Amino acid sequence: MRIEAYSQVQQIYSNSKVGKVQQTQKTNDVRDTVSFSSIGKDIQVAKQAVKAAPDVREDVVASLKAAIKNGTYNVSGEAFADKLLAKFEEAESLS
């Protein structure tokens, strides 16, 4: 162990004294301001549009219900199988 190194460290810490902290004067004219960027405003407009939109598109649902009721709604077996496999692969990748 080097004693010189210890004495040098001690000198550094013993010589540096902290001075008094000066208080700053508070002014009463300070006011906070908020500004929104154009992107923030666009996001708010988009949120309001989504909130105003209905959850179910009645026109699409009505036409599908009518096609099913009439027996004219056809689903491609190949398209159904493709979507089924895609969902299966998606579920497998998540686990």
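Modeller: Before we start, one term: contact means heavy atoms within 4.5 Å of each other. By that rule Ala67 touches Thr72 and Tyr73, leaving out residues up to four places away in sequence.

Colleague: What kind of model is this, and how are its residues numbered?

Modeller: It's a predicted model, where local features need pLDDT of at least 70, side-chain atom pairs count only at pLDDT 80 or more, and totals for chains, interfaces and linings use all residues. Residues are numbered from 1 along each chain as its sequence is written, and side-chain values use heavy atoms, with hydrogens and water left out.

Colleague: What makes the pattern of the protein chain α-α-α-α?

Modeller: Helices are DSSP runs of H or I with at least four residues, strands are E runs of at least two, and both are numbered from the N terminus. The protein chain has four helices and zero strands, and reading along the sequence gives α-α-α-α.

Colleague: Why is Ala67 called buried?

Modeller: Buried means under 20% relative accessible area, exposed over 50%, and partly exposed in between, using a 1.4 Å probe and protein chains only. Ala67, in helix α3, has 16% relative accessibility, so it counts as buried. Across the 95 residues of the protein chain, 1% count as buried.

Colleague: And why does Ile68 count as exposed?

Modeller: Ile68 also sits in helix α3, but its relative accessibility is 57%, so it counts as exposed.

Colleague: How do you know that helix α2 has the span it should?

Modeller: The expected span is 1.5 Å times one less than the number of residues. For the 15 residues of α2 (residues 38–52) that gives 21 Å, and the end C-alpha atoms are 21 Å apart, so the two agree. Helix α4 (residues 77–94) has 18 residues and reaches 26 Å, close to the 26 Å expected.

Colleague: Why do you say α4 lies largely in the open?

Modeller: Of its 18 residues, the number buried is zero, so α4 lies largely in the open.

Colleague: What makes the nonpolar surface patch?

Modeller: Patch residues have over 30% relative accessible area and no salt bridge; like charges are joined within 9 Å, nonpolar side chains (Val, Leu, Ile, Met, Phe, Trp, Tyr) within 5 Å. A salt bridge is a side-chain nitrogen of Lys or Arg within 4 Å of a carboxyl oxygen of Asp or Glu. Areas come from the Shrake-Rupley method with a 1.4 Å probe, and for residues only the protein chains shown count as cover. Val60, Leu64, Ile68, Tyr73, Val75, Phe80 and Leu84 make this patch, about 670 Å². α3 (58–70) and α4 each give two or more residues, with α3 giving the most, three.
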